[in-house]
Amino acid sequence: MCILMAVPAVNTFSIFRYMSSPPLASIRCHLCQLPALQCRRITKSVYNIPNSQLQSLNFHAVTRNYSGQSLVHTVMEELQNMRKRKKVRASNNMGLTSNGQLLEDKLERRELKKGFLLEFKKDSDRLLLAVAQKPDGKKNWMVADQHGVTTSIKPQQITFIVPGVENFDHAEICDFIQKAQDNLDPSLLEFAWIELLENSKSVTVVELAKMIFGSMEPLESYCTHLLLSKDEIYFTVLESRGPCSVYAPRTALQVEEHKHRKLLKEAADKEFDEFVMLLKSAKSMPPSAKPSKTSWKTDHKIHQRINSLEAYAIDACKNDDQKTAGMILKAMGLAKTSSSAVDLLVNIGYFPVHVNLELLKLNIHTHHSDEDILAAESLLLESIDLDEADRIDLTHLKVYAIDVDEADELDDALSARRMEDGRIQVWIHVADPTSLVQPGSKLDREALRRGTSVFLPTATYPMFPEKLAMEGMSLKQGMRCRAVTVSVVLHSDGSIAEISVENSIIKPTYMLTYHSATELLYLNLEEEGELKILEEAASLRFHWRQQQGAIDTTTIETRIKVANPDDPMPSINLYVENQAEPAMRLVSEMMILCGEAIATYGSSNNIPLPFRGQPQSNIDVSAFAHLPEGPVRSSAIVRVMRAAEMDFRKPVRHGVLGLPGYVQFTSPIRRYMDLLAHYQVKAFLRSDSLPFSSGQLEGMASIVNMNVRIKKKLGNISLRYWVLEYLRRQPKEAKFHALVLRFIKDKTASLLIMEVGIQASAWVSTGVQIGDEVEVKIVEAHPRDDILTLKALDQNI
């Protein structure tokens with residue numbers, strides 16, 4: 001086998017395969033001593049000589065007493081003489097041609113018959129051999145594979161009919177395939193390509209089998225078909241008719257191009273295989289040892305593939321991403337689904353276990369640019385107050401700032417006093433971010449684009465850069481703070497008697513949570529009389545609004561704070577608050593009062609503002625009187641309420657709140673629509689021209705409201721995820737109290753789980769009514785799939 005050193009795989013060549021006499025061994029040993037190029041020339045010359053002629057050569061004479069160089073010349077000369085003598089005859093035997101008529105003859109279709117061996121396309125990834133059994137209808141055929149499994153196939157599924165086979169036994173298919181695989185050598189095509197290219201010839205599979213294997217038997221023909229079907233370099237299909245094809249050699253330039261592409265592909269495949277191995281390695285590591293997220297971004301190509309997986313996971317694929325991600329998932333043995341991509345990214349440590357997919361899907365900006373942060377720091381350093389000369393000093397007032405215990409942005413606070421005539425005066429102090437940020441500035445444009453701060457159980461993403469929002473703009477206990485103060489004097493029935501709006505300086509006295517404020521109210525301390533006055537004002541306002549047709553939609557509200565959300569088992573703190581509790585009712589009423597006061601102020605002074613209204617849709621509240629007050633009645637009313645409306649020229653009635661007009665004004669640090677109202681009112685106070693017309697306000701509102709809806713959806717989904725995760729961790733025997741809100745169908749009821757403030761459906765027993773409480777157990781809770789299954793226990797509470 002010395003010849004292998006010079007000509008790869010030539011041992012399978014027909015011209016040598018059938019010669020086993022000592023002279024063949026002798027010439028091989030001599031040839032292996034020659035340079036590769038000379039051997040190639042000899043092989044090329046020998047290539048087309050039939051075995052019978054080659055065997056007639058006297059190899060003993062050729063090899064005796066010759067040096068390597070003389071041997072080459074002698075063999076070459078003899079072979080060339082033989083080729084000249086037999087050239088026409090050899091061409092005729094091969095049937096090689098480029099003539100159009102003969103090409104048509106080559107494409108003559110073979111009629112399929114029982115017992116024929118054929119190859120057919122099972123699916124996009126599989127080709128199978130089978131034996132034709134019988135026709136199935138007019139065109140289809142029943143075929144049997146090597147396992148005896150019969151399948152009906154269409155004519156267009158047939159890719160090759162093995163020639164020379166009449167009555168093949170399907171039980172012999174496996175042996176036939178194995179022999180074919182053992183006989184494959186892609187290098188054979190290169191030698192055939194050289195010969196055919198020189199003569200500009202085309203061939204059928206059978207003709208090429210005769211050239212490279214010296215035989216047109218079924219096995220050799222099928223081997224040739226396999227070689228051609230896998231060939232990406234040397235041959236192209238010249239003409240095809242069903243399973244019959246004629247092949248032509250590509251040009252030398254085309255072959256070089258295809259070789260180059262193949263090398264690139266092999267390199268890319270190797271790189272891809274290494275990436276897959278990297279994934280498998282990371283997947284097998286314990287959580288503490290997995291690569292960090294940043295480590296997947298250091299190599300550009302690895303990062304690109306990870307990005308493709310991430311895009312696939314959040315259903316944001318482009319064509320290239322989808323193809324790449326699909327290849328990766330297939331290589332990892334995973335289904336081509338977004339959930340598989342999520343699981344893989346979690347398992348390699350790129351995603352945390354509790355990754356917020358909605359945050360990624362909605363492309364929410366969680367960080368401010370370096371330019372925005374520098375602009376914010378510059379404002380804090382300058383600290384210029386354009387309204388300093390006009391600010392009234394209200395630092396003598398006792399000021400209560402009441403909010404949730406984890407609030408980062410404090411933008412409103414309250415004061416109150418009883419006047420000599422017995423009426424109540426209330427001050428609603430609102431943080432003044434417009435003393436730092438001007439309309440049209442870089443930070444203002446970014447706030448407009450965001451529309452609102454984002455509050456999630458795992459993090460807060462402020463509308464303004466964090467340092468500016470929480471240090472420069474927020475109210476702080478015991479410190480002099482800039483504010484816009486809305487002063488309202490109430491009539492004894494709770495209606496508004498007087499309104500004033502002024503720039504102010506305040507010094508917040510208390511920073512209270514809702515819980516601590518409620519405790520203070522219950523204690524009824526004499527030294528906190530102002531807080532009791534605020535509670536009285538809130539009560540007056542609530543009853544007055546109800547007389548104006550307001551609808552009470554108070555319910556329970558759930559909040560969650562998650563510490564270390566990137567941990568597999570982070571700490572979850574859940575709070576369920578009743579909006580009807582004294583402190584929450586107090587703050588809610590004062591915010592509504594401020595909204596009515598600003599709407600009235602804007603209307604009186606012809607200031608275009610984002611006036612917000614909400615039609616009642618002819619809601620007859622008495623129709624819900626039979627339902628228990630609180631979550632049950634509120635849930636029923638909310639389901640028939642219409643969406644809010646806005647006007648930017650004049651107030652519109654807010655039927656649900658029972659107000660002639662309403663403007664959101666108390667959260668300018670976290671809501672851009674509130675900030676717009678501040679811009680307008682502040683300009684009026686300075687006697688400046690208003691920054692925005694009603695039309696401009698409307699245009700900006702359309703952008704803001706769209707972003708607000710997206711972020712509200714994100715907040716709701718995130719909250720529900722963590723409530724389900726909280727329930728998933730509860731012991732299986734844990735019981736919960738659930739309130740029946742309504743019946744969906746038959747005995748399937750919509751329930752409100754009181755301990756967590758989340759709704760779910762469950763089947764309840766006969767006799768349970770709307771408003772009843774039932775005990776439930778958690779059957780299933782899967783936060784990633786948003787699945788919550790309850791089982792209601794038999795007894796009522």
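Modeller: In this predicted model, a residue counts as buried when its relative accessible area is under 20% and as exposed when that area is over 50%.

Biologist: Within what arc do the buried residues of α20 fall, seen down the axis of the helix?

Modeller: Helix α20 spans residues 514-523, and its buried residues are Tyr-514, Ala-517, Thr-518, Leu-520 and Leu-521. Viewed along the axis of α20, these buried residues line one face of the helix, because they fall within an arc of 160°.

Biologist: Which exposed residues does the face of α20 turned away from its buried side carry?

Modeller: The buried side of α20 is formed by residues such as Ala-517 and Leu-520. Its cover includes β10 (400-403), β17 (510-513), α21 (529-547) and α22 (582-604). The face turned away from that side carries the exposed residues His-515, Tyr-522 and Leu-523.

Biologist: Which residue just after α20 takes a positive phi?

Modeller: Helix α20 ends at residue 523. Just after the helix, a positive phi of about 55° is taken by Asn-524.

Biologist: How many residues apart in sequence are the parts that Lys-682 and Asp-387 tie together?

Modeller: The side chains of Lys-682 and Asp-387 meet in a salt bridge, at 2.9 Å from N to O. Lys-682 lies in helix α24 (residues 672-685) and Asp-387 in the loop between α17 (370-382) and β9 (392-393), so the pair ties together parts whose separation in sequence is 295 residues.

Biologist: Is Lys-682 buried or exposed?

Modeller: The cut-off for a buried residue is under 20% relative accessible area. Lys-682 has a relative accessibility of 1%, and therefore counts as buried.

Biologist: In which loop does Glu-528 lie?

Modeller: Glu-528 forms a salt bridge with Lys-398, with 3.6 Å from N to O. The pair ties together parts that are 130 residues apart in sequence, because Lys-398 lies in the loop between β9 and β10 and Glu-528 in the loop between α20 and α21.

Biologist: Which residue forms a salt bridge with Asp-786?

Modeller: Asp-786 is in the loop between β25 (773-782) and β26 (787-796), and its partner is in helix α25 (residues 694-728), 66 residues apart. The closest N and O atoms of the pair are 2.6 Å apart, and the partner is Arg-720.

Biologist: How many salt bridges does the structure hold?

Modeller: Among the linked residues are Asp-385, Asp-387, Arg-391, Asp-432, Arg-482, Lys-682, Arg-686 and Asp-688, which form a network of salt bridges. For the structure, the number of salt bridges is 35.

Key
Residues numbered from 1 in each chain as written. Predicted model: local features only at pLDDT ≥ 70, side-chain atom pairs only at ≥ 80, totals over all residues. Heavy atoms only, no water. Buried < 20%, exposed > 50% of the residue type's maximum accessible area, 1.4 Å probe, protein only. Helix = DSSP H or I, 4+ residues; strand = E, 2+ residues; numbered from the N terminus. Arc of directions from axis to C-beta. Contact = heavy atoms within 4.5 Å. Salt bridge = Lys/Arg side-chain N within 4 Å of Asp/Glu carboxyl O.
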